[in-house]
Amino acid sequence: MTRIKLIAGNWKMNNTFSAATQLVSDITAGLPNPLSAEVWIAAPFVYVHTLAENCNNTPIRIGAQDISTHVSGAFTGEISGEMLQSVGAYFVLVGHSERRSYFGETDEIIASKINAALSNNLIAVYCCGETQEERETGNHFDIIKTQLQTGLFNFSELALNNIVIAYEPVWAIGTGLTASPEQAQEMHAFIRTQILNKFGATAADKMRILYGGSLKPGNALELLSQPDIDGGLIGGASLVAADFNHIIHTASTAI
Ligand code: PEP
(Lines give C-alpha, C1' and ligand atoms only; values in the text may rest on other atoms or scores of the structure.)
Protein backbone atom coordinates (compact mmCIF):
# COMPACT_ATOMS: atom_id res chain seq x y z
CA MET A 1 0.00 0.00 0.00
CA THR A 2 1.12 3.58 -0.53
CA ARG A 3 1.53 5.43 2.69
CA ILE A 4 1.12 9.22 2.36
CA LYS A 5 4.29 10.93 3.53
CA LEU A 6 3.95 12.99 6.69
CA ILE A 7 6.18 15.90 7.60
CA ALA A 8 5.75 16.96 11.22
CA GLY A 9 7.52 19.92 12.78
CA ASN A 10 8.41 19.93 16.46
CA TRP A 11 8.94 23.50 17.54
CA LYS A 12 9.89 22.60 21.11
CA MET A 13 10.10 25.67 23.40
CA ASN A 14 10.84 28.23 20.70
CA ASN A 15 9.29 31.40 19.30
CA THR A 16 7.14 34.18 20.69
CA PHE A 17 3.49 34.22 19.76
CA SER A 18 3.97 36.73 16.94
CA ALA A 19 6.96 34.81 15.55
CA ALA A 20 4.91 31.59 15.70
CA THR A 21 1.94 33.01 13.79
CA GLN A 22 4.29 34.54 11.23
CA LEU A 23 6.12 31.24 10.78
CA VAL A 24 2.89 29.36 10.13
CA SER A 25 1.77 31.91 7.59
CA ASP A 26 5.16 31.76 5.82
CA ILE A 27 5.01 27.95 5.75
CA THR A 28 1.44 28.07 4.41
CA ALA A 29 2.44 30.50 1.67
CA GLY A 30 5.32 28.23 0.59
CA LEU A 31 3.41 24.92 0.42
CA PRO A 32 3.64 23.06 -2.87
CA ASN A 33 0.56 23.06 -5.04
CA PRO A 34 -0.54 20.33 -5.44
CA LEU A 35 0.57 19.00 -2.06
CA SER A 36 1.00 15.23 -1.86
CA ALA A 37 2.10 14.99 1.76
CA GLU A 38 0.61 15.76 5.16
CA VAL A 39 2.02 18.66 7.15
CA TRP A 40 1.71 18.79 10.92
CA ILE A 41 3.20 21.19 13.46
CA ALA A 42 3.62 20.42 17.17
CA ALA A 43 3.35 23.84 18.74
CA PRO A 44 3.79 25.02 22.34
CA PHE A 45 0.52 24.52 24.28
CA VAL A 46 -0.30 28.24 24.52
CA TYR A 47 -0.29 28.68 20.74
CA VAL A 48 -2.31 25.61 19.79
CA HIS A 49 -5.72 27.27 19.84
CA THR A 50 -4.86 30.27 17.66
CA LEU A 51 -2.68 28.32 15.25
CA ALA A 52 -5.33 25.63 14.83
CA GLU A 53 -7.86 28.35 13.98
CA ASN A 54 -5.43 30.10 11.63
CA CYS A 55 -4.81 26.80 9.83
CA ASN A 56 -8.47 25.92 9.50
CA ASN A 57 -8.56 26.50 5.77
CA THR A 58 -5.07 25.19 5.08
CA PRO A 59 -3.71 21.62 4.83
CA ILE A 60 -1.65 22.16 8.02
CA ARG A 61 -2.70 20.34 11.20
CA ILE A 62 -1.67 21.68 14.57
CA GLY A 63 -0.84 19.47 17.54
CA ALA A 64 0.85 19.61 20.95
CA GLN A 65 4.17 18.35 22.28
CA ASP A 66 2.92 16.62 25.41
CA ILE A 67 -0.27 15.52 27.19
CA SER A 68 -1.15 14.70 30.78
CA THR A 69 -1.76 11.11 31.84
CA HIS A 70 -4.60 12.48 34.01
CA VAL A 71 -8.15 13.18 32.92
CA SER A 72 -8.80 16.34 34.98
CA GLY A 73 -8.52 17.73 38.50
CA ALA A 74 -5.84 18.92 40.89
CA PHE A 75 -2.76 18.53 38.72
CA THR A 76 -1.26 22.01 38.63
CA GLY A 77 0.40 22.85 35.34
CA GLU A 78 -0.88 19.82 33.46
CA ILE A 79 -2.79 19.91 30.17
CA SER A 80 -5.31 17.17 29.49
CA GLY A 81 -6.28 15.45 26.26
CA GLU A 82 -9.79 16.86 26.57
CA MET A 83 -8.36 20.39 26.77
CA LEU A 84 -6.20 19.81 23.71
CA GLN A 85 -9.12 18.41 21.77
CA SER A 86 -11.29 21.37 22.76
CA VAL A 87 -8.83 23.90 21.32
CA GLY A 88 -8.45 22.14 17.99
CA ALA A 89 -5.35 19.97 18.44
CA TYR A 90 -5.18 17.13 15.92
CA PHE A 91 -2.30 15.14 17.34
CA VAL A 92 0.20 15.04 20.17
CA LEU A 93 3.82 13.96 20.45
CA VAL A 94 4.33 11.31 23.10
CA GLY A 95 7.60 10.08 24.55
CA HIS A 96 9.96 12.51 22.87
CA SER A 97 13.50 11.72 24.03
CA GLU A 98 13.76 15.16 25.67
CA ARG A 99 10.77 14.27 27.83
CA ARG A 100 12.22 10.84 28.58
CA SER A 101 15.61 12.24 29.61
CA TYR A 102 14.76 15.63 31.22
CA PHE A 103 11.37 14.78 32.74
CA GLY A 104 11.83 11.13 33.64
CA GLU A 105 9.13 9.71 31.38
CA THR A 106 9.15 5.93 31.35
CA ASP A 107 7.64 3.64 28.73
CA GLU A 108 4.74 3.02 31.17
CA ILE A 109 4.01 6.77 31.56
CA ILE A 110 4.25 7.10 27.81
CA ALA A 111 1.79 4.25 27.24
CA SER A 112 -0.60 6.04 29.56
CA LYS A 113 -0.16 9.26 27.58
CA ILE A 114 -0.92 7.42 24.34
CA ASN A 115 -4.06 6.18 26.01
CA ALA A 116 -4.98 9.74 27.02
CA ALA A 117 -4.46 10.90 23.43
CA LEU A 118 -6.51 8.11 21.87
CA SER A 119 -9.33 8.56 24.39
CA ASN A 120 -9.65 12.13 23.19
CA ASN A 121 -9.49 11.45 19.46
CA LEU A 122 -5.99 12.79 19.14
CA ILE A 123 -3.42 10.99 17.02
CA ALA A 124 -0.42 9.97 19.11
CA VAL A 125 3.02 10.33 17.55
CA TYR A 126 4.99 7.81 19.58
CA CYS A 127 8.70 8.64 19.68
CA CYS A 128 11.29 5.96 20.24
CA GLY A 129 15.05 5.82 19.81
CA GLU A 130 18.32 4.61 21.23
CA THR A 131 21.18 6.58 22.78
CA GLN A 132 24.66 6.72 21.29
CA GLU A 133 25.96 4.31 23.92
CA GLU A 134 23.17 1.84 23.21
CA ARG A 135 24.03 1.92 19.51
CA GLU A 136 27.76 1.61 20.10
CA THR A 137 27.26 -1.42 22.31
CA GLY A 138 25.03 -3.01 19.66
CA ASN A 139 21.88 -2.88 21.83
CA HIS A 140 19.85 -0.58 19.59
CA PHE A 141 17.50 -3.22 18.22
CA ASP A 142 16.74 -4.60 21.70
CA ILE A 143 16.10 -1.10 23.05
CA ILE A 144 13.66 -0.24 20.30
CA LYS A 145 11.95 -3.61 20.65
CA THR A 146 11.42 -2.98 24.38
CA GLN A 147 10.16 0.54 23.76
CA LEU A 148 7.66 -0.77 21.23
CA GLN A 149 6.56 -3.63 23.50
CA THR A 150 5.98 -1.54 26.64
CA GLY A 151 4.79 1.57 24.82
CA LEU A 152 2.58 0.14 22.12
CA PHE A 153 1.85 -3.54 22.34
CA ASN A 154 -0.98 -3.29 24.85
CA PHE A 155 -3.08 -1.39 22.35
CA SER A 156 -5.42 -3.02 19.85
CA GLU A 157 -4.84 -3.23 16.13
CA LEU A 158 -7.70 -0.74 15.74
CA ALA A 159 -5.97 1.75 18.04
CA LEU A 160 -2.91 1.62 15.80
CA ASN A 161 -4.87 3.54 13.17
CA ASN A 162 -4.42 6.59 15.40
CA ILE A 163 -0.76 6.06 16.18
CA VAL A 164 2.25 7.19 14.17
CA ILE A 165 5.72 5.99 15.17
CA ALA A 166 8.68 8.36 15.07
CA TYR A 167 12.09 6.69 15.18
CA GLU A 168 14.47 9.27 16.57
CA PRO A 169 17.95 8.09 17.47
CA VAL A 170 18.77 10.24 20.51
CA TRP A 171 22.32 10.82 19.27
CA ALA A 172 20.95 12.49 16.14
CA ILE A 173 18.49 14.90 17.76
CA GLY A 174 19.63 18.51 17.65
CA THR A 175 23.24 17.38 17.25
CA GLY A 176 23.68 17.82 13.51
CA LEU A 177 24.47 14.08 13.32
CA THR A 178 22.06 12.16 11.13
CA ALA A 179 21.51 8.44 10.83
CA SER A 180 22.65 7.37 7.38
CA PRO A 181 19.80 6.42 5.05
CA GLU A 182 20.93 2.78 5.44
CA GLN A 183 20.94 2.95 9.27
CA ALA A 184 17.53 4.63 9.30
CA GLN A 185 16.00 2.25 6.74
CA GLU A 186 17.38 -0.76 8.63
CA MET A 187 15.72 0.37 11.87
CA HIS A 188 12.45 1.37 10.18
CA ALA A 189 12.25 -2.07 8.55
CA PHE A 190 12.96 -3.64 11.95
CA ILE A 191 10.15 -1.59 13.56
CA ARG A 192 7.74 -2.58 10.80
CA THR A 193 8.65 -6.23 11.34
CA GLN A 194 7.86 -5.89 15.06
CA ILE A 195 4.42 -4.49 14.15
CA LEU A 196 3.97 -7.31 11.65
CA ASN A 197 4.84 -9.98 14.22
CA LYS A 198 2.50 -8.54 16.83
CA PHE A 199 -0.43 -7.16 14.81
CA GLY A 200 -0.19 -8.71 11.35
CA ALA A 201 0.51 -7.62 7.80
CA THR A 202 -2.27 -5.06 7.36
CA ALA A 203 -1.30 -3.12 10.47
CA ALA A 204 2.39 -3.24 9.53
CA ASP A 205 1.67 -2.06 6.03
CA LYS A 206 -0.48 0.85 7.21
CA MET A 207 1.78 2.05 10.03
CA ARG A 208 3.53 5.32 9.31
CA ILE A 209 7.06 5.42 10.66
CA LEU A 210 8.77 8.82 10.65
CA TYR A 211 12.48 9.47 10.93
CA GLY A 212 13.69 12.23 13.26
CA GLY A 213 17.18 13.49 13.97
CA SER A 214 18.76 16.43 12.16
CA LEU A 215 16.61 15.92 9.07
CA LYS A 216 17.21 18.98 6.89
CA PRO A 217 16.97 20.09 3.25
CA GLY A 218 20.38 18.59 2.40
CA ASN A 219 19.57 15.04 3.54
CA ALA A 220 15.78 14.96 3.10
CA LEU A 221 15.70 13.30 -0.31
CA GLU A 222 17.95 10.36 0.52
CA LEU A 223 16.15 9.70 3.81
CA LEU A 224 12.61 10.20 2.53
CA SER A 225 13.24 7.95 -0.48
CA GLN A 226 13.84 4.90 1.71
CA PRO A 227 10.98 2.38 1.40
CA ASP A 228 10.16 2.23 5.11
CA ILE A 229 10.61 5.93 5.92
CA ASP A 230 7.19 7.52 5.68
CA GLY A 231 8.13 11.06 6.59
CA GLY A 232 10.00 13.04 9.18
CA LEU A 233 9.71 14.57 12.62
CA ILE A 234 11.72 17.73 12.33
CA GLY A 235 13.01 19.99 15.08
CA GLY A 236 15.53 22.68 14.10
CA ALA A 237 14.64 22.83 10.40
CA SER A 238 10.94 23.29 11.19
CA LEU A 239 11.73 26.71 12.69
CA VAL A 240 12.89 28.11 9.36
CA ALA A 241 10.07 28.37 6.84
CA ALA A 242 12.31 27.96 3.77
CA ASP A 243 13.93 24.81 5.20
CA PHE A 244 10.68 23.25 6.35
CA ASN A 245 9.05 24.01 3.00
CA HIS A 246 12.02 22.49 1.18
CA ILE A 247 11.52 19.26 3.13
CA ILE A 248 7.77 19.35 2.46
CA HIS A 249 8.40 19.78 -1.28
CA THR A 250 10.82 16.84 -1.17
CA ALA A 251 8.30 14.63 0.63
CA SER A 252 5.55 15.69 -1.72
CA THR A 253 7.52 14.48 -4.71
CA ALA A 254 9.49 11.55 -3.21
CA ILE A 255 8.16 8.10 -3.98
C1 PEP B 1 13.15 16.45 17.29
O2 PEP B 1 13.21 17.21 18.21
O3 PEP B 1 12.21 15.66 17.23
C4 PEP B 1 14.20 16.50 16.27
C5 PEP B 1 14.28 15.53 15.40
O6 PEP B 1 15.06 17.57 16.30
P7 PEP B 1 16.16 17.96 15.21
O8 PEP B 1 15.51 17.86 13.86
O9 PEP B 1 16.55 19.36 15.53
O10 PEP B 1 17.29 16.99 15.36
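Eight strands make up an open sheet with parallel pairing, in the order E3-E2-E1-E8-E7-E6-E5-E4. Strands here are DSSP runs of E with at least two residues, helices are runs of H or I with at least four, and both are numbered from the N terminus; two strands pair if DSSP finds at least two bridges between them. This is a predicted model, in which local features need pLDDT of at least 70 and side-chain atom pairs count only at pLDDT 80 or more, while totals for chains, interfaces and linings use all residues. Residues are numbered from 1 along each chain as its sequence is written, and side-chain values use heavy atoms, with hydrogens and water left out.

**The sheet and a helix on it**

- At the edges sit strand E3 (60-63) and strand E4 (91-94), each of which pairs on one side only.
- From one strand to the next, the twist averages 25°; axes are lines fitted to C-alpha atoms, for helices over the stretch in contact, and angles run from 0 to 180 degrees between N-to-C directions.
- Strand E5 (residues 123-128) runs parallel to strand E6 (residues 163-167), and five bridges join them.
- Ala124 has Ile163 as its bridge partner in E6.
- Helix H5 (residues 107-119) packs on the sheet and touches E4, E5 and E6, where contact means heavy atoms within 4.5 Å.
- The direction of H5 makes about 160° with that of E5.

**Around the ligand**

- The ligand is surrounded by 14 residues, and the closest are Lys12, Glu168, Gly174, Ser214 and Gly236; a residue is near a molecule if one of its heavy atoms lies within 4 Å of it.
- By class, this shell has eight polar, four nonpolar and two charged residues; Ala, Val, Leu, Ile, Met, Phe, Trp, Tyr, Cys and Pro count as nonpolar, Asp, Glu, Lys and Arg as charged, and the others, Gly among them, as polar.
- A side-chain N or O atom of His96 is 2.9 Å from an oxygen atom of the ligand, a polar contact being a pair of N or O atoms within 3.5 Å.
- Ser214 places a backbone N or O atom 2.8 Å from a ligand oxygen atom.
- Of the 290 Å² of accessible area that the ligand has on its own, the protein covers 95%, with areas from the Shrake-Rupley method and a 1.4 Å probe.

**Two backbone details**

- Most residues other than glycine have a negative phi, and most peptide bonds are trans.
- Asn15 is not a glycine, yet its phi is positive, at about 85°; Asn15 lies in the loop between strand E1 (5-10) and H1.
- The peptide bond from Asn33 to Pro34 is cis, with omega near 5°, and Pro34 is found in the loop between helix H1 (17-29) and strand E2 (37-42).

Methods:
Polar contact = N/O pair within 3.5 Å; in protein donor to acceptor, adjacent residues only side chain to side chain.
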